[in-house]
Amino acid sequence: MKRWLKKSKPPLKMFSIDRCFRREQKEDSSHLMTYHSASCVIVDDEVTLDMGKAISEALLEYFGFSKFKFVPDEKKSKYYIPETQTEVYGYHPKLNEWVEIATFGLYSPIALSKYGIEKEVMNLGLGVERIAMVLNQMNDVRNLVYPQLYQKLELSDRDIATMLNYNYYPVTEEGQSLMESILNVWTNEKDCNSPCEFTIFEGEFLNKEISVKAFEGENNAKLLGPASTNHVYIYGGNILGIPENIELSIKKS
C-alpha cells in the first residue's frame, strides 16, 4: 500500500478475496476457524464511518439484502480506532431474519505508522461463506463448507454411476494398442491353469524397451479370478459385481 501511495494519488480503492484464519474456541452454525473474506479498502486524506456504511449497503444489495443495521463490534480489535469497529447486519427477505454478514472499521494511526502510511484507511470485510449460506437458504455454514461431515449424503443410483470411472486410461495410440493386447490375452487365456505366463508385448514403447507379461504364480488357480469378468451394476444405492452367466454361477453353487 505504501508503494502504491507513492505512485498514485488518493483516494485508493482496493479489493481482494483470500482465506482468513482465526482462533475460535469452537465452530458453530455461523462461525468457522478458517473462511474467505472479501476485503474492500479505501485510503484517502479523510475517511469516515459513513463511507463504510455506504459501501456495505451498495455491495449487499446485489445479494438480495433489503435493510441494514450497524452494531458496534464488542471484540474491539487493537488495530482499529476505538469505537469504529462495526458489525453489519443485513435483513434477507427469503430467510426472514437479520444476518451478520460483514465488519468494517478505521485502522488505527498507530498500526498504520508501523508501515509508513500517513493516510486514513477504512477496511470492510465480507464473509464469503456467510453470503453463500444466505443465498442458498441454509441455516448452518458448516453444511455448506463441510457437506461430507455435516450433511446427510443422499446419492441416487445415477449419481453413483457417474462417479465410477477409470483412474487411468491410455491417451496415446501406442498406449491404447498395448491395452487392447493385454485385454485380448487375459480374455483368451483367463481360464488357463496356473502357474502360467504369457508374453503380451516385447519391444519399443514410448522410446523405451519394455516387456509386458501376464503372469499368475499361485498354484491351482486361474490366470484371472472368477470376478474378473463381472458386470458392474448400481442398484438401490449398492455397487454390485454380477457374473456374466449368473444362472450358471447359481447352479454351480
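Buried residues are those under 20% relative accessible area. The structure shown in every view is a predicted model.

**View A. Strand E5 and its burial.** Strand E5 spans residues 97-106. Seven of its ten residues are buried, so the strand is largely enclosed by the rest of the structure.

**View B. Strand E5 and its pairing partners.** Strand E4 (residues 86-92) pairs with E5 in the antiparallel sense over seven bridges. Within this pairing, Thr86 has Phe104 of E5 as its bridge partner. Four residues separate E4 from E5 in a hairpin, and Asn96 in the turn has a positive phi of about 60°. E5 also pairs with strand E6 (residues 120-127), in the antiparallel sense and over five bridges; here Gly105 stands opposite Asn123 in E6.

**View C. Aromatic pairs.** Seven aromatic pairs are found in a search of the whole structure. One of them joins Tyr80 and Tyr107, which are stacked at 5.4 Å centre to centre with 10° between the planes. This pair links distant parts of the chain, 27 residues apart: Tyr80 lies in the loop between strand E3 (67-72) and E4, and Tyr107 in the loop between E5 and helix H3 (109-113). Tyr80 counts as buried because its relative accessibility is 7%, whereas Tyr107, at 23%, counts as partly exposed. The ring centres of Tyr146 and Tyr150 are 6.4 Å apart and their planes stand at 40°, so this pair is tilted. Tyr79, Tyr80 and Tyr107 form one aromatic cluster.

**View D. Lysines over tyrosine rings.** Lys67 lies over the face of Tyr91, 4.5 Å from the ring centre. Lys69 lies over the face of Tyr89, at 5.6 Å from the ring centre.

Terms used
Residues are numbered from 1 along each chain as its sequence is written. This is a predicted model: local features need pLDDT of at least 70, side-chain atom pairs count only at pLDDT 80 or more; totals for chains, interfaces and linings use all residues. Side-chain values use heavy atoms; hydrogens and water are left out. Buried means under 20% relative accessible area, exposed over 50%, partly exposed in between (1.4 Å probe, protein chains only). Helices (H or I, at least four residues) and strands (E, at least two) are DSSP runs, numbered from the N terminus. Two strands pair if DSSP finds at least two bridges between them. Rings of Phe, Tyr and Trp (its six-membered ring) pair if their centres lie within 6.5 Å; planes under 30 degrees apart count as stacked, over 60 as edge-to-face and the rest as tilted. A charge sits over a ring if NZ of Lys or CZ of Arg is within 6 Å of the ring centre and within 35 degrees of the ring normal.
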